[in-house]
Structures are given as C-alpha cells and as structure tokens.
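Please look through the sequence and the model below.

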Amino acid sequence: MNIRVRQLWAPVLSTFLISVAVQFAALRVPQVPPWVFFAWNGVSVVLAPLWLLALPFIGAMGAWLSLRAGGSARDRLLAALGAAGLNAAILTLGVPVGMIIERQFSLRI
C-alpha cells in the first residue's frame with residue numbers, strides 16, 4: 001500500500017464510513033428528534049444531534065489512525081476533518097444535482 005494511502009486516505013475513508021453508519025443509527029433513535037431545515041424550494045436537510053455530537057470523536061479516531069500510520073501533522077488534521085468534509089461536499093453537490101434530476105423542482109431562479 002502506498003504511504004499516502006496508508007497515512008491519509010485510509011483514515012479518511014474509514015472515518016467517513018463510520019460517520020455515515022453513526023448518522024444512520026442516530027436517525028433511528030426515537031428519543032432524540034432530528035433537526036429538519038427546509039429551504040425555500042422544498043429541499044429539506046435532516047441532521048441528527050447525536051451524530052453531530054459524535055463527529056469530533058470520529059475525527060479524533062481518524063487522526064489517531066493517521067498517527068499510527070506515521071502521518072504528519074497535516075495528514076492528521078486532514079484525516080480528522082475528512083469525514084465532515086466529505087459529508088459537506090456530498091451535501092453541497094447533492095442538493096443542486098437533486099434539484100436538476102428531480103422533476104418536481106422548478107429550476108427557475
């Protein structure tokens with residue numbers, strides 16, 4: 001395995017998969033209601049408070065995995081922020097693409 005993959009990409013992808021699994025589990029807990037934000041065009045964003053509380057610990061686990069692989073401080077920082085960054089990128093790209101693909105949304109601005 002390449003050293004860049006071992007120090008950066010493996011911790012980022014593993015923390016991303018763990019954060020998605022925690023988000024799925026957090027949305028299934030009936031005691032804590034999710035936060036739902038509605039946009040003006042009908043798009044809604046659902047956030048789980050338990051998932052938001054777990055994200056710093058998931059990022060710390062990614063930084064620890066990068067440290068164990070011998071990553072530099074920059075690699076550890078990127079590994080810690082990787083799960084949140086990938087989720088933000090998917091959200092940022094997913095909403096406009098969803099608006100284009102779905103037929104019920106109006107594309108007039």
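Helix α3 has 29 residues and reaches 40 Å from its first C-alpha to its last, close to the 42 Å expected at 1.5 Å a residue. Helices (H or I, at least four residues) and strands (E, at least two) are DSSP runs, numbered from the N terminus, and the expected span of a helix is 1.5 Å times one less than its number of residues. This is a predicted model, in which local features need pLDDT of at least 70 and side-chain atom pairs count only at pLDDT 80 or more, while totals for chains, interfaces and linings use all residues. Residues are numbered from 1 along each chain as its sequence is written, and side-chain values use heavy atoms, with hydrogens and water left out.

A kink of about 50° in α3 is centred on Gly82; the bend at a residue is the angle between axes fitted to the seven residues ending there and the seven starting there. Gly82 is also among the buried residues of α3, together with Asp75, Ala79, Ala83, Asn87 and Met99. Buried means under 20% relative accessible area, exposed over 50%, and partly exposed in between (1.4 Å probe, protein chains only). The cover over these α3 residues includes α1 and α2.

Helix α2 spans residues 49-68, and its 20 residues reach 30 Å between the first C-alpha and the last, close to the expected 28 Å. A bend of about 35° lies at Leu55, and Pro56 follows within four residues. Leu55 is buried, as are other α2 residues including Trp51, Ile58, Gly59 and Gly62. Among the elements covering the buried residues of α2 are α1 (3-28), β1 (35-38), β2 (44-47) and α3 (73-101). Just after α2, Gly70 has a positive phi of about 90°.

How do α2 and α3 cross, and within what distance do their axes come? Their axes come within 7 Å and cross at roughly 145°, where axes are lines fitted to C-alpha atoms, for helices over the stretch in contact, and angles run from 0 to 180 degrees between N-to-C directions. The contact (heavy atoms within 4.5 Å) is made by Trp51, Gly59, Gly62, Ala63, Ser66 and Leu67 of α2 and by Asp75, Arg76, Ala79, Ala80 and Asn87 of α3.

Ser19 lies in helix α1. Ser19 is buried, because its relative accessible area is 0%. Setting aside residues up to four places away in sequence, Ser19 touches Trp51, Leu55, Ile58, Ala83 and Asn87. The side chains of Ser19 and Asn87 make a polar contact at 3.5 Å. A polar contact is a pair of N or O atoms within 3.5 Å; within protein, one must be able to donate a hydrogen and the other to accept it, and residues adjacent in sequence count only if both atoms are side-chain atoms.
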